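Please look over the sequence and the model shown here, and then read the notes that follow, which are grouped by topic.

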Amino acid sequence: MARTTSADDQLFELRLARSAPDLFPMLEALYGARPDYPVFRDKLVKALRKGWGDRPEDLKRLDLQRDLEPDWFQRPGMAGYVFYIDRFNGTLEGVLDRLDYLEDLGITYVHLMPCLKPRPGDSDGGYSVMDYRQINPAFGTMAEFEAVSAALRTRGMSLCVDLVLNHTAKEHAWAKKAAKGDATYQDYYLMFDTPDMPRLYEQTLVEVFPDNAPGNFTHYPEIGKWVWTTFNEHQWDLNWANPAVFLEIVEVMLFLANKGVDVLRLDAVAFMWKRLGTRCQSEPEVHMILQALRACSRIASAAVIHLEEAIVSPSEMLPYLGRGKHDGKEGNLAYHNSLMVQFWSALATRDTRLMTHVLATHFPDRLTNATYANYIRCHDDIGWAVTDEDAAAVGLSGHSHRNFLSDFYEGTFPGTFAKGALFQVNELTGDKRISGSFASLAGIAQDPELAVQRILMGHALIAAWGGIPLIYMGDELALPNDEGYLANPDHAHDSRWIHRPRMDWALADARHQGDTPAARVFRGTKAILARRAATPALHAAVPVRVVAAGNDAVLAFQRLAPTGTLLGLFNFTEHWQHLPEAVVRSLGVSAFHDELSDAHVEAHHGQIALPPYARVWLT
């Protein structure tokens, strides 16, 4: 246990006082009417004090440093890399062996995908957790986890891990006690004696996994209960209306923070609060809980920030970054799902009008104490989050466009360059989601040259947008789909495993030689991240404004830095495009210096020429 001093105690009291206005009003709104609220509040402050007292000295210094540099995660030097430990290099010890590789790429943020102890067998890819305080024994021990976190800090890299908030595995100690009839722990979950209430709730709920886990409740005759299971039968939803659950999770958060975690990726947050007659997603209480959890981190582990995983529409996503009364007080990071979806949409249509409309209409030019986690691909499928209203605004049918995108990226649409796989086809709604690696969806099998350019344009886009660009493991080497998942009985039912290949270290070790697609994509991605780090205008606090370039094939946006405008231009076609020099000047460009290539851009006959899949950051 770390030694506490009078100065430590004073610092804790100052941080408690600083965050009390963000914490206690939320808790009072959530739990204040309960007779046990005063006891809960006292227990929470005691837990926060203990978490601070247990915090190692080097992490307390990091707390102070980040208090003094609160924009540390918004700086252009931040660049993320996301991977499954076993698919990257086997174990935590294997991760240590490959940190030179990540440093070579320019990575300063490492997301170890689910690494807490999961249930045996099917664990939803690790998101069905049975012990928040242990590491998956297949990956190593908590001591080895701490060694990785320490090694990352030495190299200036931040560590992100997943903390699932909506549910636990049914094998979790709390769930086991609930199953044995312990009323205290039954109140940790949402359990019903009859199917009456579940049937009422089901009238307005949606199914997350209609193919493999239809419905939202599971009946357990052996315990005489219907249990809320939004995702899978083995994932029991927590009852966040019970303050004991809040307290338990805060203690888990502080435990992980004291092991060296910098970023807590809070999983499945949209589903945390249940209200009859609604979808039970993104209810107002969810944001109260998340603001309160953020305040707890600021009090007892100020170096830690929160990434809130909510893959929802823009209007529903932005509150997770703090809007209205939660402005600047909720999540520090949230995934920019719309940027990803619109990238693939524009790439298929060779038309950026829908992309421009969505990004310009639905997103503010800046956020308070928060930014986006930007990605082109991740471990999950792609859902075509294009509303009928947005499609209609540019003359499209939403239903037809979503179907087109699924067909295009499955590889069945005439003339497509992509090859993916369908995921969770819903015959009732026509919803068809897509799995596939970045390289395969970008056409690596059909035309490697153009695929390389599409991949590098995508990486240049997320690097310039404003936020933290996240590179999903293998995308920096143009790894293709892995069809081998079909031979694995545990994976064959889930096409998402097609884009979860094992790292090809032979390919990675040859990254600096030759002219292979893998080597070219690696070197190009490394150059993009290096130029990003050297470009102050890409700080996440700099406003971003999407503008019309006068050419529907080109996405244009301004970064309105105090030192002058940076204009991002991205050609979404395989053909040369041209923009009038006068238009580019009217958008704030005067020097015509491309910060990405660090070279001057010449106009020809009054036109700026953009090669196929060009990406430039003009100042």
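A residue is called buried here when its relative accessible area is under 20%, exposed when that area is over 50%, and partly exposed in between, using a 1.4 Å probe and protein chains only. The model is predicted, so that local features need pLDDT of at least 70 and side-chain atom pairs count only at pLDDT 80 or more, while totals for chains, interfaces and linings use all residues. Residues are numbered from 1 along each chain as its sequence is written, and side-chain values use heavy atoms, with hydrogens and water left out.

**Phe217**

- Phe217 counts as buried because its relative accessibility is 14%, and it belongs to strand 8 (residues 217-220), where helices (H or I, at least four residues) and strands (E, at least two) are DSSP runs numbered from the N terminus.
- Setting aside neighbours within four places in sequence, Phe217 is in contact with Phe192, Pro198, Tyr201, Glu202, Leu205, Val227, Trp228 and Thr229, contact meaning heavy atoms within 4.5 Å.
- Between the C-alpha atoms of Phe217 and Ala295, which are 78 residues apart along the chain, the separation is 32 Å.

**Helix 1 and helix 12**

- Helix 1 (residues 6-31) packs with helix 12 (residues 284-300) at an angle of about 165°, and their axes are 8 Å apart; axes are lines fitted to C-alpha atoms, for helices over the stretch in contact, and angles run from 0 to 180 degrees between N-to-C directions.
- The two helices are therefore roughly antiparallel, a term for angles over 145 degrees, whereas those under 35 count as roughly parallel, 65 to 115 as roughly perpendicular and the rest as oblique.
- Among the residues that make this contact are Phe12, Leu16 and Leu23 of helix 1 and Met288, Ile289 and Ala295 of helix 12.

**Helix 11**

- The 15 residues of helix 11 (residues 243-257) should span 21 Å at 1.5 Å a residue, which agrees with the 21 Å between its end C-alpha atoms, the expected span being 1.5 Å times one less than the number of residues.
- Helix 11 is mostly covered, with twelve of its 15 residues buried, including Pro243, Phe246, Glu248 and Met253.

**Helix 14 and helix 15**

- Helix 14 (residues 337-349) and helix 15 (residues 353-362) pack with axes 8 Å apart and at an angle of about 165°, which means that they are roughly antiparallel.
- In this pair, Ser338, Leu339, Gln342, Phe343, Ser345 and Ala346 of helix 14 meet Leu354, Met355, Val358 and Leu359 of helix 15.
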